[in-house]
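Subject: Handover of a structure and summary of findings

Dear colleague,

Please find below the structure that I am passing on to you.

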Amino acid sequence: MLARYGALLEPVARPIRSDPQNRLAEQVAARRSLMRDRTATINRLKTLTIDLLKRHGRHRLRQIGAQIVSLNAAIARWWQKTNTCLGAGTC
């Protein structure tokens with residue numbers, strides 16, 4: 001049944017992603033998750049009334065910020081290396 005369905009749709013075969021592409025996809029997904037965490041933490045801070053929890057929230061925001069900076073740097077390095085390789089035609 002699935003074979004018939006696949007034959008009717010004639011799906012386009014996509015090339016397998018390389019290891020560096022998989023690593024980039026994983027880093028981008030992690031960054032996206034951190035951005036959601038950051039938004040949730042900011043919203044949560046708006047409703048907190050206990051000083052200890054506010055302090056924990058601010059600390060978590062600093063942690064998230066540092067992790068985002070780190071991921072941005074890793075993604076930028078990957079991008080720069082990829083563009084250098086494409087321009088040179090070797091890698």
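This is a predicted model: local features need pLDDT of at least 70, side-chain atom pairs count only at pLDDT 80 or more; totals for chains, interfaces and linings use all residues.

Residues are numbered from 1 along each chain as its sequence is written, and side-chain values use heavy atoms, with hydrogens and water left out.

Helices are DSSP runs of H or I of at least four residues, numbered from the N terminus. Buried means under 20% relative accessible area, exposed means over 50%, and partly exposed lies in between (1.4 Å probe, protein chains only).

Helix H1 covers residues 2-9 and is hardly covered by other parts, as the count of buried residues among its eight residues is zero. Just after H1, Glu 10 takes a positive phi of about 50 degrees.

Helix H2 has 29 residues and spans 43 Å from its first C-alpha to its last. The buried residues of H2 are Leu 24, Gln 27, Leu 34 and Thr 41.

Gln 27 has a relative accessible area of 18% and therefore counts as buried. Apart from neighbours within four places in sequence, Gln 27 is in contact (heavy atoms within 4.5 Å) with Leu 71, Ala 74 and Ile 75. Arg 44, also placed in H2, is partly exposed because its relative accessibility is 46%.

Helix H3 runs over residues 51-88 and contains Ile 68, which is buried at 9% relative accessibility. With neighbours within four places in sequence left aside, Ile 68 is in contact with Arg 31, Leu 34, Met 35 and Arg 38. Ile 68 and Arg 31 are 37 residues apart in sequence, yet their C-alpha atoms are 6.2 Å apart in space.

A search of the whole structure finds one salt bridge, meaning a side-chain nitrogen of Lys or Arg within 4 Å of a carboxyl oxygen of Asp or Glu. The salt bridge joins the side chains of Asp 37 and Arg 60 at 3.1 Å, N to O. This pair links distant parts of the chain, with Asp 37 in helix H2 and Arg 60 in helix H3, 23 residues apart. Asp 37 is partly exposed at 33% relative accessible area, and Arg 60 is partly exposed at 26%.

Yours sincerely

Methods: Helices (H or I, at least four residues) and strands (E, at least two) are DSSP runs, numbered from the N terminus. The expected span of a helix is 1.5 Å times one less than its number of residues.
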